[in-house]
Amino acid sequence: MIVLSTCDHIRNEIAPAEILLENEEDVLNCGIDIKAQPPGKNLQNLSLLSGGERCLTAIGLLFAIQELKPSPFVILDEVEAALDDVNITRFTDFVRRHSTKSQFILVTHRKGTMEACDQMYGVTMAERGVSKILSMELK
């Protein structure tokens, strides 16, 4: 089995995680298993983790891929929805560190994520059928 590990510092900050190919002879058609080891738990399949643990593992893998092959522009739509407040802070720290190499658009309803943004745009509907776009620069 071929094992691909995430970047070391992401492994240390989130949890050890790995991607396993189910069949190394047929890499284009085989499935993959994602395993992670949240703090205080054994290395286990992604399907056995809680929603927050799965979310944090997936975010860690996304950022590991982003480090290997940076994209100049990234859109993340409510990827942190299942995280608690402590892990929201971890997530926003990751985004801030990676924002030196990439631009991020985050779609979110989470207060902690909004507080960490440099600029915020919102859409509100004061009266039925009439949308208004709001923008705010945060320092």
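Q: In what order do the elements of the protein chain run from the N terminus on?
A: The predicted chain holds 4 helices and 8 strands. From the N terminus on, the order is β-α-β-β-β-α-β-α-β-α-β-β.

Q: What percentage of the residues in the protein chain is buried?
A: Buried means under 20% relative accessible area. The chain has 139 residues, and the buried share is 29%.

Q: How much of the accessible surface of the protein chain belongs to carbon and sulfur atoms?
A: The accessible surface comes to about 9,400 Å². The share of carbon and sulfur atoms in that surface is 54%.

Q: Are helices α2 and α3 roughly parallel or roughly antiparallel?
A: Helix α2 spans residues 51-68 and helix α3 spans residues 85-98. Their axes come within 11 Å and cross at roughly 10°. Angles under 35 degrees count as roughly parallel. So α2 and α3 are roughly parallel.

Q: Which residues of α3 meet α2, and how many residues in the contact are nonpolar?
A: From α2 come Leu56, Ile59, Phe63, Gln66 and Glu67. They meet Asn87, Arg90, Phe91, Phe94, Val95 and His98 in α3. By class, the contact has 3 polar and 2 charged residues, and the nonpolar count is 6.

Q: Which residue meets Glu53 in a salt bridge, and how far apart in sequence are the two?
A: The side chain of Glu53 pairs with that of Lys41, at 3.0 Å from N to O. Glu53 is buried at 19% relative accessible area, while Lys41 is partly exposed at 35%. Glu53 lies in helix α2 and Lys41 in the loop between β3 and β4, so the bridge ties together parts separated in sequence by 12 residues.

Q: Where does Arg96, the partner of Asp118 in a salt bridge, lie?
A: The side chains of Asp118 and Arg96 meet at 3.3 Å, N to O. Asp118 is partly exposed at 48%, and Arg96 is partly exposed at 41%. Asp118 is in the loop between α4 and β7, 22 residues apart from Arg96, which lies in helix α3.

Technical notes:
Residues numbered from 1 in each chain as written. Predicted model: local features only at pLDDT ≥ 70, side-chain atom pairs only at ≥ 80, totals over all residues. Heavy atoms only, no water. Axes fitted to C-alpha atoms, helices over the stretch in contact; angles between N-to-C directions. Parallel < 35°, antiparallel > 145°, perpendicular 65-115°, else oblique. Contact = heavy atoms within 4.5 Å. Nonpolar A, V, L, I, M, F, W, Y, C, P; charged D, E, K, R; others polar. Buried < 20%, exposed > 50% of the residue type's maximum accessible area, 1.4 Å probe, protein only. Areas by Shrake-Rupley, 256 points an atom, 1.4 Å probe, with all protein chains shown as cover. Salt bridge = Lys/Arg side-chain N within 4 Å of Asp/Glu carboxyl O.
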